[in-house]
Amino acid sequence: MRDTRAALVAAAIATLRESGFAAASARRIAAAAGCNQALIFYHFGSVPDLLVAALEEVSARRMAVYRELLDRTGTLGELIDAARTVFEADLDSGNVTVLVEMISGAHSVPGLGERVSACLAPWRSFAETAVRDVLASSPFGSLLAPGEIAHGVVAGLLGLEMLASLDDDRASALALFDRARAVGDLLDRIRPLAALLNLSPSAPPAHPTPPAGPEALCRPTW
């Protein structure tokens, strides 16, 4: 039964990639999986439920790979490189096509939009963790909100992936990553200088306050 369920999920992913949401019928998916279409309703209840399971499977696979990638990032430049790797891997694997088709189909199936959005929630959390870890060692960290940056990163990556997928041209997006990498390298290089310019709160004051006491009343103040 696990094999049948896995085969149906794989067939649903392939159908979304190759034919789109509108063509993802029970008959087509079951034929791709090599099983009776009644098994879709037995295992998942409905075709939309199966398609959501397919999106969750794609998301889980991506998360496992990208968590390992995140473990190797420590600077802003490395984080940008990781984002570029995510971008290119999604285009090469067709993952972004699955997501785009599910987003487009959400408009025609009540309640599907909320479920697709829920699949994206772990990615916002994942991005926020990555941003927070990089900002933790940055003197600019207190000036930036990791949650807001993470939301922008996820939205930006999805937008770039969708445009590159529709236009079949990733050159413009890769040029943006190159530009961002140059800015990231600059910020990483000035990080030690910014840290030196940051005044330590433990430094003694330039004009110590005289001790309180009767003798202080007679001490000149010039």
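The model is predicted, so local features need pLDDT of at least 70 and side-chain atom pairs count only at pLDDT 80 or more, while totals for chains, interfaces and linings use all residues. Residues are numbered from 1 along each chain as its sequence is written, and side-chain values use heavy atoms, with hydrogens and water left out. The secondary structure comes to nine helices and zero strands, where helices (H or I, at least four residues) and strands (E, at least two) are DSSP runs numbered from the N terminus.

**Overall fold**

- Along the sequence the pattern reads α-α-α-α-α-α-α-α-α.
- Of the 222 residues in the protein, 35% are buried; buried means under 20% relative accessible area, exposed over 50%, and partly exposed in between, with a 1.4 Å probe and protein chains only.
- Among contacts with a separation of 6 or more, 68% join residues 24 or more positions apart; a contact means heavy atoms within 4.5 Å.

**Packing of α1 against α2**

- Helix α1 (residues 2–18) and helix α2 (residues 26–33) have axes that come within 8 Å and cross at roughly 120°. Axes are lines fitted to C-alpha atoms, for helices over the stretch in contact, and angles run from 0 to 180 degrees between N-to-C directions.
- The crossing of α1 past α2 is right-handed; a crossing is left-handed if the near helix is turned anticlockwise from the far one by less than a right angle, and right-handed if clockwise.
- On the α1 side the contact is made by Ala-7, Leu-8, Ala-11, Ala-12 and Thr-15, and on the α2 side by Arg-28, Ile-29, Ala-32 and Ala-33.
- The residues of this contact divide into seven nonpolar, one polar and one charged. Here Ala, Val, Leu, Ile, Met, Phe, Trp, Tyr, Cys and Pro count as nonpolar, Asp, Glu, Lys and Arg as charged, and the others, Gly among them, as polar.

**Nonpolar cores**

- The largest nonpolar core has 33 residues, and those with the most contacts inside it are Ile-29, Ile-40, Leu-50, Leu-51 and Met-102. Such a core is a set of buried Ala, Val, Leu, Ile, Met, Phe, Trp, Tyr and Cys residues joined through side-chain atoms within 4.5 Å.
- Two or more residues of this core come from each of α1, α2, α4, α6 (95–105), α7 (112–136) and α8 (146–167).
- Helix α4 gives the most to this core, with eight residues.
- A second, separate core of ten residues includes Ile-80, Ala-83, Leu-91 and Val-96.
- Beyond its neighbours within four places in sequence, Met-102 is in contact with Leu-16, Phe-21, Leu-51, Val-52, Leu-55, Leu-112 and Val-116.

**Helix α5**

- Helix α5 (residues 76–93) has 18 residues and reaches 26 Å from its first C-alpha to its last, close to the 26 Å expected at 1.5 Å a residue. The expected span is 1.5 Å times one less than the number of residues.
- Its buried residues are Gly-77, Leu-79, Ile-80, Ala-82, Ala-83, Val-86, Phe-87, Asp-90 and Leu-91.
- An α-helix has 3.6 residues a turn, so residues three or four places apart point the same way.

- Ser-59 is found in helix α4 (residues 47–70) and counts as buried because its relative accessibility is 11%. Not counting residues up to four places away in sequence, Ser-59 touches Cys-119 and Trp-123.
- Ser-46 lies in the loop between α3 (38–43) and α4. Leaving aside neighbours within four places in sequence, Ser-46 is in contact with Ile-40 and Phe-41. Its C-alpha is separated by 8.6 Å from that of Ala-26, 20 residues apart along the chain.
- Ala-164 is in helix α8 and is buried, with a relative accessible area of 7%. Not counting residues up to four places away in sequence, Ala-164 touches Phe-87, Leu-91, Asp-169 and Arg-170.
- Gly-159 is also placed in α8, and at a relative accessible area of 27% Gly-159 is partly exposed.
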